[in-house]
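Here is a friendly walk through one model, starting with a ligand and ending with the chain contact.

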Amino acid sequence: MAKFKGSIVVDKEKCKGCEVCVVACPTNVIGLSREVNGKGFHIAFMENPDACTGCANCAIVCPDGVITVYKKERLSSEKKIKEQK
Amino acid sequence: MNDNLSNADIVKCENLVYKRSPVMTDNVMHYCPGCGHGTAHQIIAEVIEEMDIQAETIGITPVGCAVLMYNYLDIDMQEAAHGRAPALATAVKRLMPEKYVFTYQGDGDLAAIGTAETIHACNRGENIAIFFINNGIYGMTGGQMAPTTLPNMRSSTSPYGRDVEMMGNPLRITELVAQLPGTYYVTRQAVHTPTYVRKTKKAVRRAFENQKLKKGLSLVEIVSNCNSGWKMSPVQANKWMVDNMFPFYPPGDIKLEGKMLSKD
Ligand SMILES: Cc1ncc(C[n+]2csc(CCOP(=O)(O)OP(=O)(O)O)c2C)c(N)n1
Ligand code: SF4
Ligand code: SF4
């Protein structure tokens, strides 16, 4: 399992549903929503969020710059138990 | 490993890895879905942001789909008549040599109506950067054949494909200007995949750095899609581009530090 877990936030009203991010994602996180935005475009969303590593590949190829990427280190279970103590 | 991180745990300011450059305005770009113009704009904006030269950069916009680029980059920009951007950039740079000056031009703009301006600015070695978006047709006006249209490529004015016998050969203007003594850095890149976006960003950065060092003219060609004009979906268009445009317009550096790179 990847050390980092990522998450993307898509600006729904600016997304044009071009699918360039869908094919750019190395871990097949992104799909297009069934519902559409105000302009009638299907919207990119995390269909498979657990697979996101926060690599930002989707965001840098997005022609409209609508994807923001975050990532956080996963804590190992021992470390987590220690923290809880 | 703990896999219970929720999205809310991750989506926090301190975990941010990538967001749209603040050198981009909040305006929604008018480009067709999947068009490479938007990607190219953001690469230029990111380089300007990273070099911290937002107040010192002047862009010259073309006639073509990118005509409204000044609405999207938060820098000083001046609109040129069709094809004349290198001439205008020459004037701006000579009047304000301390500024970073670039043109952003399509293939119809740079390689058809603006051929003279392009070649002379390159030959004079003006200390500017030219970003050249080659999508093989006139996108804005309805997908007509351009000098860059590939042999047998369909366009609205070559519906059966470009017949070289009748319509002549396509022009590799980037290789042509690389031969001129005034060009210092000439390269061809693309923006359809993350790898190429990173390469193009390096090329754009190099073009601005060369200008800082007063090295002469840098030209970065970006092979891109015009999915509307090609009548394909964006993903299909990018694939078509790799299969058909790349053999004729191979990505890679052509001239580095004033020296032609020998083929292989
Ligand atoms: C002097 C002049 N001639 C012709 C036109 C019509 N015109 C507008 S855009 C364009 C071609 C643009 O094609 P390109 O530079 O390849 O840009 P793209 O739209 O593909 O990005 C033409 C011929 C014009 N606006 N001005
Ligand atoms: S950040 Fe990387 S892994 Fe996550 S959705 Fe984007 S491309 Fe896929
Ligand atoms: S017509 Fe072509 S070049 Fe113009 S915005 Fe649409 S896809 Fe891009």
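Predicted model: local features only at pLDDT ≥ 70, side-chain atom pairs only at ≥ 80, totals over all residues.

## Ligand 1

An oxygen atom of ligand 1 lies 2.8 Å from a polar backbone atom of Asp109(B), a polar contact in the sense of a pair of N or O atoms within 3.5 Å (within protein, one must be able to donate a hydrogen and the other to accept it, and residues adjacent in sequence count only if both atoms are side-chain atoms). His37(B) brings a polar side-chain atom to 2.7 Å from an oxygen atom of this ligand, while for Cys65(B) a backbone N or O atom is 2.9 Å from an oxygen atom of ligand 1.

Residues are numbered from 1 along each chain as its sequence is written, chains are lettered from A and ligands numbered from 1 in the order in which they are written, and side-chain values use heavy atoms, with hydrogens and water left out.

## Ligand 3

The residues around ligand 3 include His37(B), Cys65(B) and Gly139(B), along with Cys32(B), Cys35(B) and Cys226(B). By class, this shell has five nonpolar, five polar and no charged residues. Here Ala, Val, Leu, Ile, Met, Phe, Trp, Tyr, Cys and Pro count as nonpolar, Asp, Glu, Lys and Arg as charged, and the others, Gly among them, as polar.

## Ligand 2

Over in chain A, Cys25(A), Cys52(A), Cys55(A), Ala56(A) and Cys58(A) come nearest of the 14 residues around ligand 2. That shell divides into ten nonpolar, four polar and no charged residues.

## Where the chains meet

Chain A gives 40 residues to the contact and chain B gives 36, with contact meaning heavy atoms within 4.5 Å. Across this interface there are 13 residue pairs in polar contact, both at pLDDT 80 or more.

How values were computed:
Near = heavy atom within 4 Å.
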